[in-house]
Amino acid sequence: VFIPEERRDTFCISTQVGCAVGCLFCVTGKLQMKHNLTPGEIVGQVLLLRADRGTVSKSLNIVIMGMGEPLHNYENVMKSIRLMTEGMSISPRRITLSTSGVVPGIKKLAEEPVLPNLAISLNATTDAVRDKLIPINRKWNIAALLDACRSFPLERRRRITFEYVLIDGVNDSPEDAQRLAKLLNGLRKKINLIPLNADPWVPLKSPSQERILAFEKILLDHRMTVIIRRPRGDDVSAACGMLAGREQAHADLVSPPK
């Protein structure tokens, strides 16, 4: 996915065809898990997009947040990161890897000589809610995940990004915002609030703008760095949680509800 911005361009790349995590709010997770991408296939996305768009490496950010769970394809993902940093001169500070919370993978990543930025798809403040949204939480709960984050090595001026998909009536209450601030207290972090990108295959909806801003204000009042990620590409089903491909979705999924 190509995301043009005024000061930089961002490429959102995938690591798998399909995904085995099955997050409730994500259309991609409803597809069958088919196979891991090779290092060449992962880096090939960057090469093709860069050739097509004429983007130079110094103004390019890479976010490994597309289809798949990167830490389920660990070795190939790490090889692709080395190819980008050593072979394409892309700084590891411009590469961000997002995980749903594979704790052993986070611990293994912490020992790598070249570290990308780390992003955690958190999305809930209690295990009861996160169990429903992200089934992997039943294996590695919020406490285990945050313990791994606290042990993750961070260079000066680097922070962990916590991604939080806001879902109406599920995880968007003032109490959730207060709990989130408490959970992340003491961590070097920033928070990306992502209003849910609605889709016919997902029986959930985005909160109102008022609730989104109220949630943000509580976090800001706790002196937290917060960014509301505005939808990009939702008109072509290319926004966060929508990477399924309509033709493939029709082949793999039952018809969406009407």
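In helix 6, the buried residues are D176, A177, L180 and A181; buried means under 20% relative accessible area, exposed over 50%, and partly exposed in between, with a 1.4 Å probe and protein chains only. These residues cover an arc of only 135° around the axis, which puts them on the same side of helix 6; the arc is that of the directions from the helix axis to the C-beta atoms. Helices (H or I, at least four residues) and strands (E, at least two) are DSSP runs, numbered from the N terminus.

Before I continue, a word on the model. It is a predicted one, in which local features need pLDDT of at least 70, side-chain atom pairs count only at pLDDT 80 or more, and totals for chains, interfaces and linings use all residues. Residues are numbered from 1 along each chain as its sequence is written, and side-chain values use heavy atoms, with hydrogens and water left out.

What covers the buried residues of helix 6? The cover includes strand 8, strand 9 (189–195) and helix 7 (209–221), where contact means heavy atoms within 4.5 Å. L219 touches A177, L180 and A181, among others, and also I191, L193, M224 and V226, not counting residues up to four places away in sequence. L219 is also one of the residues that touch the most other members of the largest nonpolar core, together with F25, V46, I62, M84, F162 and L184; this core has 68 residues. A nonpolar core is a set of buried Ala, Val, Leu, Ile, Met, Phe, Trp, Tyr and Cys residues joined through side-chain atoms within 4.5 Å.

I turn to helix 5, residues 142–150, where I142, L145, L146, A148 and C149 are buried. They cover an arc of only 155° around the axis, and therefore lie on the same side of helix 5. An α-helix has 3.6 residues a turn, so residues three or four places apart point the same way. The cover over the buried residues of helix 5 includes helix 3 (103–109), strand 7 (117–121), helix 4 (127–133), strand 8 (160–166) and helix 6 (174–183). At the start of helix 5, a side-chain oxygen of N141 comes to within 3.3 Å of the backbone nitrogen of A143.

Next, the cysteines. How many disulfides are there? The count is zero, a disulfide being a pair of cysteine sulfur atoms within 2.5 Å. For C19, the closest cysteine sulfur is that of C23, at 6.5 Å, too far for a bond. C19 counts as buried at 13% relative accessibility, and C149 does so at 2%.

Two further residues deserve attention. Q16, in strand 3 (residues 16–17), is buried at 3% relative accessibility. Its side chain reaches the backbone nitrogen of E69 at 2.8 Å. Leaving out residues up to four places away in sequence, Q16 touches M33, H35, N36, L37, M67, G68, E69, H72 and N73.

K205 lies in the loop between strand 9 and helix 7 and is exposed, with a relative accessible area of 53%. Its C-alpha atom is separated by 6.0 Å from that of I167, 38 residues apart along the chain. K205 touches I167, D168 and L196, again not counting residues up to four places away in sequence.

Finally, the chain as a whole. It has eight helices and 10 strands, and buried residues make up 50% of its 258 residues. Of the contacts with a separation of 6 or more, 73% are between residues 24 or more positions apart.

Notes:
Polar contact = N/O pair within 3.5 Å; in protein donor to acceptor, adjacent residues only side chain to side chain.
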